[in-house]
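Me: I'm new to this one and would like to learn how to read it. Could you walk me through a few features, one at a time?

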Amino acid sequence: MSDPLFSFAPPGVPARPIHVVPEGETDTALASLSGPQRRWAEAQGFTGKLGSHVILPDPEGAPVAVLAGYGTAESRARQRFALAPLATALPAGDYAFHGLDDPAALAEQSLGWLLAGYGFTRYKGTPATPARLQLAPGLDAARLIACAAGEALTRDLINTPANDMGPEELEAAARSLASRFAADITVIRDQDLLAQNFPLIHTVGHASDRRPRLIDLRWGDAGPALTLVGKGVCFDTGGLNLKPGVSMALMKKDMGGAATVLGLAQMIMALGLRLRLRVLIPAVENSVAGGAFRPGDILPSRKGLTVEINNTDAEGRLVLADALALADEESPDLILSMATLTGAARVAVGPDLAPFYATRPEDAAALRAGALRAADPVWEMPFHAPYEKMIEPGIADLDNAPSGGFAGSITAALFLRRFVEAPRYLHFDIYGWQPSAAPARPKGGAGQGARAVLEALPELLGL
């Protein structure tokens, strides 16, 4: 790619060394410097603290090298992408890490370098021009670039406000992605949703004048079948169970599941993985109008299960249900859904961890291992069968919002599982938002779980 955010310096070009120095090894690092450089670093108080750096000058004062603090093992465990801020803190030019020998750490910090250049500038500001990193030998530049570009797509989609990112615009983003990678795409809209038996998607989106739709993207003609399903609620008022204003403030991110599966799909297609990919996105806006569905309604679903509506603000699982039923009809090797589904998940694990559910222990183990390698933290939650009765209201097959508030993320996941008969199903209940800036992660939209899935795909699908 030519975009400076997603490229590395070519091998062999002169690059200023970034000497990565853990705490406790400062004396050794300083002893290797010239006298003036050592005195300069000492005058700056460089101790190797995580996140610190000192630019070393030549005799004329031009920057020739960098000392970068790498902290302790304990401090590094508390901070991903610790060296990423260097990308925008250092003067323009080419740089290379020195003294960082662990391939996993090099991959993490190199990805962080790319991600640090991201900025959402559609409405204000100009894109950053980060310093350029020369990738260490043995690292997969194409993979790191694909991960960064996919994450940037996800962030852009989430950060765009709902007035410019409704169902139509989400469809346009999917079409652009399909065109770029020669994928096939079909879209079922509005009344055709009813004609083709997607009643829940139609009902949730019917009150908005921005018509509901189901986006269906396909790519690849060989290999195992992977179907990604992403919640595309482009704005969620809560419907007739209207959210208070403070709870609506971030509802532009309620299509974060759709944004994340599109980012993951871009990674997969950019890398040319040998699989048959399908992406399903029910794209709706949950609005208030005379045609809005009501608490107490009992709705049919594509699968034939009836759903009692006890809260119109639990709409994401409804649109996902129809899409999952469609995905299941083809019996793919793996179905994976992503959704900004419940506040209960945030209470349980906070904004950094992506909780997930798996029908097979082997798949959960593969995801956990992939997450560690990809610096994309996840946490397994249980499909706890004894809670099934909590989503069975008696008057209908299912309850979309069980009373009591207990186990909200688990009961939502159990609800979705009712629409999947395929033996291998993974579900992510993500947050999709970075609440405060951190290295390589500005405040705003954030992908979660996509890199972990990408890293786990060889084990999950035998690639």
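Me: Let's start with helix α15, residues 408-417. How many of its ten residues are buried?

Reply: Keep in mind that this is a predicted model. A residue counts as buried when its relative accessible area is under 20%. In α15, eight of the ten residues pass that test, so the helix is largely enclosed by the rest of the structure.

Me: Which residues of α15 are the buried ones?

Reply: They are S409, I410, T411, A412, A413, L414, F415 and L416.

Me: Okay, cores then. What's the general idea?

Reply: In soluble globular proteins, nonpolar side chains tend to be buried together. Here, the largest nonpolar core has 95 residues. Inside that core, the residues with the most contacts are I18, W113, I268, L277, F428 and L457. Which helix gives the most to it? That's α11, residues 256-270, with nine residues.

Me: Can we zoom in on I18? What is I18 in contact with, leaving aside neighbours within four places in sequence?

Reply: The list runs V66, A68, L86, L90, Y95, A96, F97, H98 and W113.

Me: Which backbone oxygens does the side chain of Q134 reach?

Reply: One belongs to V13, at 2.9 Å. Another is the backbone oxygen of P10, which lies 3.1 Å from a polar atom of the Q134 side chain. Not counting residues up to four places away in sequence, Q134 touches A9, P10, P11, G12, V13, A15, Y95 and A96. Y95 and A96 were on the contact list of I18 too.

Me: Last one: backbone angles. Which residues have a positive phi without being glycine?

Reply: Phi of D190 is near 50°, and you'll find D190 in the loop between β6 (184-189) and α8 (191-195). For A440, phi is about 70°. A440 sits in the loop between β18 (433-434) and β19 (444-445).

Me: And why does A440 count as buried?

Reply: Because its relative accessibility is 6%.

Definitions and conventions:
Residues numbered from 1 in each chain as written. Predicted model: local features only at pLDDT ≥ 70, side-chain atom pairs only at ≥ 80, totals over all residues. Heavy atoms only, no water. Buried < 20%, exposed > 50% of the residue type's maximum accessible area, 1.4 Å probe, protein only. Helix = DSSP H or I, 4+ residues; strand = E, 2+ residues; numbered from the N terminus. Polar contact = N/O pair within 3.5 Å; in protein donor to acceptor, adjacent residues only side chain to side chain. Contact = heavy atoms within 4.5 Å. Core = buried A, V, L, I, M, F, W, Y, C linked by side-chain atoms within 4.5 Å.
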